[in-house]
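Have a look at the model first, then see what you make of them.

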Amino acid sequence: MSSGEKYLAAVYLVVLATVLVYIAIISAKLARLEREVTELAERARERHG
Amino acid sequence: MTYARDVVALARKDLLLELRARETLPAMLLFVLATLVAFRFALPSDASERASIGLLWVAILFTALLGITRAFIPEREQRVLDGLVLSPVDRSAIWLGKVVATLAFLGAAELVALPAFGLFFDSVTWTTVAAVVLADIGICAVGAILAAMAAAGRARELLFPVLFLPLSIPILVGGVGAAVGDDPARYLAFLALYDAVFAILAWASFEYVVTE
Amino acid sequence: MAVAAAVVLVAGVALALLWAPEDADQGPSQRIFYLHVPIALTAYACFGWGAWKALRLLWTGEQRYDLESYTAVHMGTIFGTLTLVTGSIWARTSWGVWWSWGERQLVLFLILFLFYAAYFMLRFSLPDGPGRARISAVYALFGVVLIPISFLAIRLAENFIHPVVFTRDGPQMSGDMFFTFCVCLAGTLLLAGTLYLNELAGKRLDLRLRELRESLELG
């Protein structure tokens with residue numbers, strides 16, 4: 001690849017990588033929230049059960 | 001007219017306190033002189049004389065940082081601010097009072113700094129003086145509200161310069177440009193625009209910053 | 001919105017890489033433009049959106065605008081950083097340097113980056129509550145006013161900082177290029193919108209969970 005094409009690829013890859021990292025972070029957050037919800041639901045059931 | 005009276009009373013309070021305590025102003029004066037001398041050594045001898053005007057402005061900015069920090073951030077000032085917020089004074093009058101007082105301090109420091117600069121480096125033109133006057137207004141207007149923001153949280157002294165410096169870049173451009181550019185009027189007009197825009201914004205939004 | 005974003009963005013990228021005519025002077029690296037400028041414009045849009053939400057917060061006092069403004073500023077900062085990175089790479093390909101003070105957009109984004117990075121420092125130093133929401137909102141308003149003022153300042157500064165003249169692609173593109181650009185712009189905006197909604201939902205959920213946890217603790 002010519003150097004111009006290499007930089008072009010770099011730019012698009014950087015953008016793609018950023019978006020993917022962001023999605024990964026949000027997914028991790030979602031997983032944590034799900035865990036918390038189940039935990040709280042357990043506690044609520046113990047309280048009123 | 002009570003608004004104007006409030007502003008004057010608030011500014012007078014700060015000035016009288018300083019007159020009695022004599023803490024901030026001597027520190028600012030010494031600081032700006034020491035900075036200018038330090039800059040002399042920081043600049044290689046064959047550097048263009050145009051570069052030195054930039055140093056004057058940086059010295060002014062940093063001295064202003066010092067003065068404005070003292071106006072809002074110490075514990076005593078925080079308690080005073082809480083008291084003022086509870087009083088029937090218009091919140092924006094608090095801001096204006098602080099701006100006036102800080103302007104006085106900064107102006108006094110510059111009365112020393114400008115002649116010193118003229119002595120150590122390069123002569124000071126009237127355009128620079130005009131630029132300094134205009135810039136002072138912007139510095140104090142923006143600095144007052146940012147200092148109040150920083151003072152509301154933790155790590156205030158550290159946070160305030162971080163908040164202040166990005167907003168001060170246009171002031172730097174205006175000030176240095178007025179001195180070295182070939183059309184100083186444009187830069188002075190720009191400084192006036194900065195002042196107008198940010199002073200109005202700060203004046204209008206100050207009450208949201210100090211209300212709990 | 002996510003589906004629309006995916007479709008438009010993929011289409012845009014495909015157009016940009018495969019279909020748009022090659023620039024005679026700059027060669028293939030010119031195609032970076034199709035991503036770099038839309039990202040920059042999207043960052044501006046995010047900051048503007050954040051400022052609008054901030055204004056709504058101060059106007060109505062409804063706390064939900066705080067999260068919306070905060071998320072928008074967060075998006076803007078991410079896209080702004082991306083602008084700096086892609087712009088730097090573009091500078092490298094076009095002129096061989098990783099940074100150019102003559103490139104107005106880049107300098108503007110550098111100043112904005114400093115400003116909005118401080119936004120987060122400010123927010124994290126403040127205790128939770130309506131006070132923090134208000135102060136963040138005022139700061140966001142300052143930011144959006146800073147954008148045009150800084151731009152003016154940078155233009156004025158060029159007279160004595162670095163009168164470098166680099167030609168670059170502007171609106172004088174061919175029709176095909178412009179079409180590609182518009183598609184990419186739409187795609188980037190949709191992407192920002194999707195990410196914004198996702199992040200906002202996550203933050204809101206977080207908040208509600210915390211409230212739930214507290215009420216369970218007490219109840």
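1. What percentage of the 49 residues in chain A is buried? Buried residues come to 8% of them, where buried takes 20 or more other C-beta atoms within 10 Å of a residue's own, exposed 12 or fewer, partly exposed anything in between, with C-beta atoms placed from the backbone.

2. Some housekeeping: this is a predicted model, where local features need pLDDT of at least 70 and side-chain atom pairs count only at pLDDT 80 or more, while totals for chains, interfaces and linings use all residues. Residues are numbered from 1 along each chain as its sequence is written, with chains lettered from A and ligands numbered from 1 in the order written.

3. Chain A has one helix and zero strands (DSSP runs numbered from the N terminus: H or I of at least four residues for helices, E of at least two for strands). A:Glu5 sits in helix 1 (residues 3-48) of chain A. A:Glu5 counts as partly exposed because 14 other C-beta atoms lie within 10 Å. From A:Glu5 to A:Thr18 is 13 residues in sequence and 20 Å in space, C-alpha to C-alpha.

4. On to chains B and C: their contact (C-beta atoms, placed from the backbone, within 7 Å) takes 29 residues from chain B and 26 residues from chain C. Helix 7 (156-180) and helix 8 (184-210) of chain B are the elements giving two or more residues to chain B's side. Helix 7 of chain B supplies the largest share of that side, eleven residues.

Definitions and conventions:
Two residues are in contact if their C-beta atoms, placed from the backbone, lie within 7 Å.
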